[in-house]
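Please read each point with the model open beside the text.

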Amino acid sequence: MYRILICDDEKDIVNALKIYLADANYQLFEAFTGREALELIRREEIHLVLMDIMMPVMDGYQALKAIRDIEEEKGIPVEKRVKIIMMTALNEERNVKKAFEMGCTVYCAKPVDIEKLKEVLQKLSLV
C-alpha cells in the first residue's frame with residue numbers, strides 16, 4: 001500500500017485530493033503546514049508528498065529542502081527518496097525552476113487536474 005501525504009494550508013484542497021485519491025490503494029495522511037509535513041515524515045514511511053508551495057509557518061520550499069537534507073544525512077540514494085509533487089497556482093518559470101533545483105520530483109499547477117495527477121502517479125508507479 002502506498003502512503004501519500006497531502007500538504008496544503010487550504011483544508012478544502014486537502015479534502016478534495018483525499019476524495020479523488022480514496023478509490024486507489026493508498027493510505028492518505030494530511031498536513032496543513034510544511035512543519036507538520038516534516039514532523040509526519042519523520043514518524044511515518046511516506047512514499048509520496050503532494051506539497052503546496054505557499055503555506056504559513058514553513059512553506060513548501062523550506063519543507064522540501066528539509067526533507068532532502070534529512071534524506072542526504074541518512075544516505076538514502078536518490079532513487080529511494082520520497083517522491084515530492086510541488087503544487088502551486090504560481091506557475092511562473094522561476095518557481096518551477098526553483099522547485100526542481102531543490103529536488104522536487106514533479107511540479108503540478110493548481111487547480112490540480114485530477115486526470116493529469118493520476119497519470120503522474122501512474123508514471124511514478126504509484127497506482
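1. Thr88 and its contacts. Leaving aside neighbours within four places in sequence, Thr88 is in contact with Asp52, Ile53, Met54, Tyr107, Cys108, Ala109 and Lys110, where contact means heavy atoms within 4.5 Å. Thr88 belongs to strand S4, residues 83-88. Strands here are DSSP runs of E with at least two residues, helices are runs of H or I with at least four, and both are numbered from the N terminus. The relative accessible area of Thr88 is 2%, so the residue is buried. Buried means under 20% relative accessible area, exposed means over 50%, and partly exposed lies in between, with a 1.4 Å probe and protein chains only.

2. What kind of model this is. This is a predicted model, in which local features need pLDDT of at least 70 and side-chain atom pairs count only at pLDDT 80 or more, while totals for chains, interfaces and linings use all residues. Residues are numbered from 1 along each chain as its sequence is written, and side-chain values use heavy atoms, with hydrogens and water left out.

3. Helix H2. Which residues of H2 are buried? In this helix, residues 34-43, they are Gly34, Ala37, Leu38, Leu40 and Ile41. They lie on the same side of H2 because they cover an arc of only 165 degrees around the axis; the arc is that of the directions from the helix axis to the C-beta atoms. An α-helix has 3.6 residues a turn, so residues three or four places apart point the same way. The buried residues of H2 pack against strand S1 (2-7), strand S2 (26-31), strand S3 (48-52) and helix H3 (60-74). On the other side of H2, Arg42 and Arg43 are exposed.

4. Salt bridges: the count and a first pair. A salt bridge is a side-chain nitrogen of Lys or Arg within 4 Å of a carboxyl oxygen of Asp or Glu. Side chains of opposite charge can pair when their charged atoms come close. How many salt bridges does a search of the whole structure find? The search finds eight. One of them joins Glu44 and Arg3, with the closest N and O atoms 2.3 Å apart. This pair links distant parts of the chain, since Glu44 is in the loop between H2 and S3 and Arg3 is in strand S1, 41 residues apart. Glu44 is partly exposed, at 30% relative accessibility, whereas Arg3 is buried, at 16%.

5. A salt bridge between two loops. Lys110 and Asp8 meet through their side chains in a salt bridge of 2.7 Å, N to O. Lys110 is in the loop between S5 and H5, and Asp8 is in the loop between S1 and helix H1 (11-21), so this pair links distant parts of the chain, 102 residues apart. Both Lys110 and Asp8 are buried.

6. A salt bridge within a helix. Lys97 forms a salt bridge with Glu101, where the closest N and O atoms are 4.0 Å apart. The two are four residues apart in helix H4 (residues 93-101), which means that about one helical turn separates them. Lys97 and Glu101 are both exposed. Elsewhere, salt bridges that share partners join Asp8, Asp52 and Lys110 into one network.

7. Cysteines. A disulfide is a pair of cysteine sulfur atoms within 2.5 Å, and by this rule the count is zero. Cys104 is buried, with a relative accessible area of 8%. Cys108 is also buried, at 13% relative accessibility.

8. Charges over rings. A charge sits over a ring if NZ of Lys or CZ of Arg is within 6 Å of the ring centre and within 35 degrees of the ring normal. The charged end of Lys11 sits over the ring of Phe32, 5.2 Å from its centre. Lys98 lies over the face of Tyr61, at 4.2 Å from the ring centre.

9. Backbone details. The peptide bond that joins Lys110 and Pro111 is cis, with omega about 5 degrees. Pro111 lies in the loop between strand S5 (106-109) and helix H5 (114-123). Val57, in the loop between S3 and H3, has a phi near 70 degrees, a positive value in a residue other than glycine. Val57 is exposed, with a relative accessible area of 56%.
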